[in-house]
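Biologist: I'm new to this one. Can you put it up and walk me through it?

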Amino acid sequence: MTEKKINTLLFDFDGTLLDTNELIIQTFLAVLDQHYPGRFNREDALHFIGPSLEQTFTAIDPNRVEELITEYRQLNRIMHDDLVEEYDGVTETLHHLKAQGLKMAIVSTKRSETIRHGLSLMGVKDVFDVIVGLDHVTNPKPHPEPVQLALTRLGASPDEALMIGDNSHDIDGGKNAGVRTAGVAWAAKGEDYLAKFKPDFMLQHISDLLELTKEAVK
């Protein structure tokens, strides 16, 4: 049986479309160093990229989750615009994909307000039909709920969709929802790490999506 063409793209945000890795690492280290001096380093913070803040802080200190999340968000907002960078070719490619008529959504473990701010910075806020943030779901990735919600809002079926991300949560979340998956080789944790989760595709550059979806929309 021939697989359906991909006509629906579901993107993670942090580390996939916008390079927020340094922002995330510095925010975590600043917050954690205040409460647990010397306990965490950059290598530790790298592992906090991907999961929701609640998942990360629950693992670190279940008694202070809300306090740590509040501090993280306040500091992250202050440092945001100075520390984020766009990945090569992202804005241009997203506009091309939109022009092709593809259905497009963001599916992230970040809150939608912060996602919209990042999209505005990049000049692509009108590209996405749907944004599913942490504030829209009960269960974040890798639970299938965020991907399923995006598909429902787009009016798309799993067999024509592709989940694209830089972390295990994105690949596993896509698989759990029955959609095809693509890892990004520019992931902070590296292409080899991401390959362990067996995505259907590995993008070397964001523009690879133009080839993948070339014949999808007529």
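Modeller: One term before we start. A charge sits over a ring if NZ of Lys or CZ of Arg is within 6 Å of the ring centre and within 35 degrees of the ring normal. Also, this is a predicted model.

Biologist: Okay. Which residue lies over the face of Y36?

Modeller: R39 does. The distance from R39 to the ring centre of Y36 is 5.2 Å.

Biologist: And how many aromatic pairs does the structure hold?

Modeller: Nine. One of them joins Y36 and F40. Their centres are 6.2 Å apart, with 80° between the planes, and the pair is edge-to-face.

Biologist: Are Y36 and F40 buried or exposed?

Modeller: Both Y36 and F40 are buried.

Biologist: What about F40 and F48, and why is that pair called edge-to-face?

Modeller: The planes of F40 and F48 stand at 65°, so the pair counts as edge-to-face; the cut-off is over 60 degrees. The ring centres of F40 and F48 lie 6.0 Å apart. F48 is buried, like F40.

Biologist: Which residues form the aromatic cluster?

Modeller: F28, Y36, F40, F48, F57 and Y72 make up one aromatic cluster.

Biologist: Let's go to helices. Where does α4 bend?

Modeller: At R77. Helix α4 covers residues 65-83, and the bend is about 40°.

Biologist: Which residues of α4 are buried?

Modeller: V65, L68, I69, Y72, N76, M79 and H80. Here is some background on helices. An α-helix has 3.6 residues a turn, so residues three or four places apart point the same way.

Biologist: What covers the buried residues of α4?

Modeller: The cover includes α1 (21-35), α3 (53-60) and α6 (112-122).

Biologist: Switching to the sheet. What is the strand order?

Modeller: The order is β5-β4-β1-β6-β7-β8. It is an open sheet of six strands with parallel pairing.

Biologist: Why do β5 and β8 each have a side without a neighbour?

Modeller: β5 (130-132) and β8 (201-203) stand at the edges of the sheet. Each has a single partner strand, so one side is left without a neighbour in the sheet.

Biologist: Now β1. Which way do the residues of β1 point?

Modeller: β1 spans residues 8-11. T8 and L10 point one way, L9 and F11 the other way, and all are buried.

Biologist: How is β1 joined to β4?

Modeller: By four bridges, with the strands running parallel. β4 holds residues 103-107. T8 has K103 in β4 as its bridge partner.

Biologist: And to β6, how many bridges?

Modeller: Four bridges join β1 to β6, and these strands run parallel. L9 stands opposite L162 in β6.

Biologist: Why is β6 called largely enclosed?

Modeller: Five of the five residues of β6 are buried, so the rest of the structure largely encloses this strand. A161, M163 and G165 point one way from β6, while L162 and I164 point the other way.

Biologist: What sense does β6 pair in with β7?

Modeller: Parallel, over four bridges. β6 is residues 161-165 and β7 is residues 180-184. G165 stands opposite G183 in β7.

Biologist: Last one. Which helix lies across β6 and β7?

Modeller: Helix α8, residues 168-176. α8 runs at about 175° to β7.

How values were computed:
Residues numbered from 1 in each chain as written. Predicted model: local features only at pLDDT ≥ 70, side-chain atom pairs only at ≥ 80, totals over all residues. Heavy atoms only, no water. Phe/Tyr/Trp six-rings, centres within 6.5 Å; stacked < 30°, edge-to-face > 60°. Buried < 20%, exposed > 50% of the residue type's maximum accessible area, 1.4 Å probe, protein only. Bend = angle between axes of the 7 residues up to and from the residue. Helix = DSSP H or I, 4+ residues; strand = E, 2+ residues; numbered from the N terminus. Contact = heavy atoms within 4.5 Å. Pairing = 2+ DSSP bridges. Axes fitted to C-alpha atoms, helices over the stretch in contact; angles between N-to-C directions.
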